[in-house]
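The entries follow in the order in which I made them.

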Amino acid sequence: MSRLDTRPGRGSFDSVSTVFPSVPPSVASARRFVDAALRRWDVPTDVADVALLLTSELVTNSYRHASADAQVSVLRRSGLIRVEVHDSGGGRVQRRALDPEGPDGRGLNIVDALASRWGSTTAESGTLVWFELATNGRYAAG
Amino acid sequence: MTTGTPNAGEHGEDFALSTDESADGPVLRIQGEVDVYTSPALRDELYRLIDAGTKRVVVDLADMDFIDSSGLGVFVGALKRIRERSGDLELRAMQPSTRKVLEITGLTQVFTITD
């Protein structure tokens, strides 16, 4: 399943979106999907590397907490890229205090450390978690 | 002696584990990407080496292209397991991207890291 949102006359996609089943191999598939979009948009490699890591964290969280498909969307605006992971599960998104020697709890701390901005919304339709990264070396709001 | 991972293929072409037995103990080399899908095989191999009684396991990260929190959790679990036996786990030759994620998560203070 794949949905492409193209804007006529712009010559490139401004957003791409696809759905991944709730299985472990989907995490790597989601990284490949995001990587392909960022390459198409000539996003700098260092920004793309961070985007792939944060995508991995969000899709892993979705797999672990929701037994539902995850929709991954990659969006581009002037000066930033945004990745959204949406699933129909109702899991709360809560970052825990980082315990370096703890068995888990690192994922959202990594997102928090590296994203320009990130956030989540939980509604009846499910859980949406997103992050944004500046692509021009500084964060452009909006 | 080198042992490959029997089921590496099912984790995709990008992931492989191999263990060399050196005079100083086993060196586990990780190739490819470590995430929620591939990290169970990594955990099994680390625990196998630790449970065999070795006091020092070296993990060669030169060819590990990606790791996320799933893989970091496996390293931390293995470190605890070997330290309970008064041993140590050494992370060797990590790429800059790996070092960055270890720094963010405070793990550069926890692990023995060598070039």
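**Entry 1: the cavity lining**

I sorted the residues that line the largest cavity and found 8 nonpolar, 3 polar and 1 charged. The model I am working from is predicted. My search of the whole structure returned 1 cavity of 30 Å³ or more. I read the space in the largest cavity as about 50 Å³. Its lining includes A:Phe20, A:Pro21, A:Val27, A:Tyr63 and A:Asp69. In chain A, α1 (25-40) and α2 (45-65) are the elements that give two or more residues to this lining. I noted α2(A) as the element that gives the most, with 3 residues.

**Entry 2: chain B as a whole**

I counted 3 helices and 7 strands in chain B. Read from the N terminus, the order of its elements is β-β-β-α-β-β-α-β-α-β. Chain B has 115 residues, of which 50% count as buried. I then took the contacts in chain B between residues at least 6 apart in sequence, and 60% of these join residues at least 24 apart. For the accessible surface of chain B I recorded about 5,200 Å², with 45% of this belonging to carbon and sulfur atoms.

**Entry 3: salt bridges**

I found 17 salt bridges over all chains. I looked up three of these pairs in detail.

B:Asp35 pairs with A:Arg31, with 3.0 Å between the closest N and O atoms. This pair crosses between chains: B:Asp35 sits in the loop between β3 (25-34) and α1 (39-51) of chain B, and A:Arg31 in helix α1 of chain A. B:Asp35 counts as buried because its relative accessibility is 2%, and A:Arg31 is likewise buried at 1%. I also noted a network of salt bridges that links A:Arg31, A:Arg32, B:Glu33 and B:Asp35.

A:Arg82 and A:Glu132 form a salt bridge at 2.7 Å, N to O. A:Arg82 belongs to strand β4 (residues 80-87) and A:Glu132 to strand β6 (residues 126-134) of chain A, so this pair ties together parts 50 residues apart in sequence. I recorded A:Arg82 as buried at 12% relative accessibility, and A:Glu132 as buried at 0%.

B:Arg29 and B:Asp63 form a salt bridge in which the closest N and O atoms are 2.7 Å apart. B:Arg29 lies in strand β3 of chain B and B:Asp63 in the loop between β4 (56-60) and β5 (64-67), so the pair ties together parts 34 residues apart in sequence. B:Arg29 is partly exposed at 30% relative accessibility, and B:Asp63 is partly exposed at 33%.

Technical notes. Residues are numbered from 1 along each chain as its sequence is written. Chains are lettered from A and ligands numbered from 1 in the order in which they are written. This is a predicted model: local features need pLDDT of at least 70, side-chain atom pairs count only at pLDDT 80 or more; totals for chains, interfaces and linings use all residues. Side-chain values use heavy atoms; hydrogens and water are left out. On a 1 Å grid over the protein atoms alone, a cavity is a set of points where a 1.4 Å probe fits but cannot get out, and a pocket is an open set with protein on both sides within 12 Å along at least five of seven lines; lining residues have an atom within 4 Å of a point. Grid points are joined across faces, edges and corners, and a volume is the space filled by probe spheres set on the points. Helices (H or I, at least four residues) and strands (E, at least two) are DSSP runs, numbered from the N terminus. Ala, Val, Leu, Ile, Met, Phe, Trp, Tyr, Cys and Pro count as nonpolar, Asp, Glu, Lys and Arg as charged, and the others, Gly among them, as polar. Buried means under 20% relative accessible area, exposed over 50%, partly exposed in between (1.4 Å probe, protein chains only). Contact means heavy atoms within 4.5 Å. Accessible areas come from the Shrake-Rupley method with a 1.4 Å probe; for residues, only the protein chains shown count as cover. A salt bridge is a side-chain nitrogen of Lys or Arg within 4 Å of a carboxyl oxygen of Asp or Glu.
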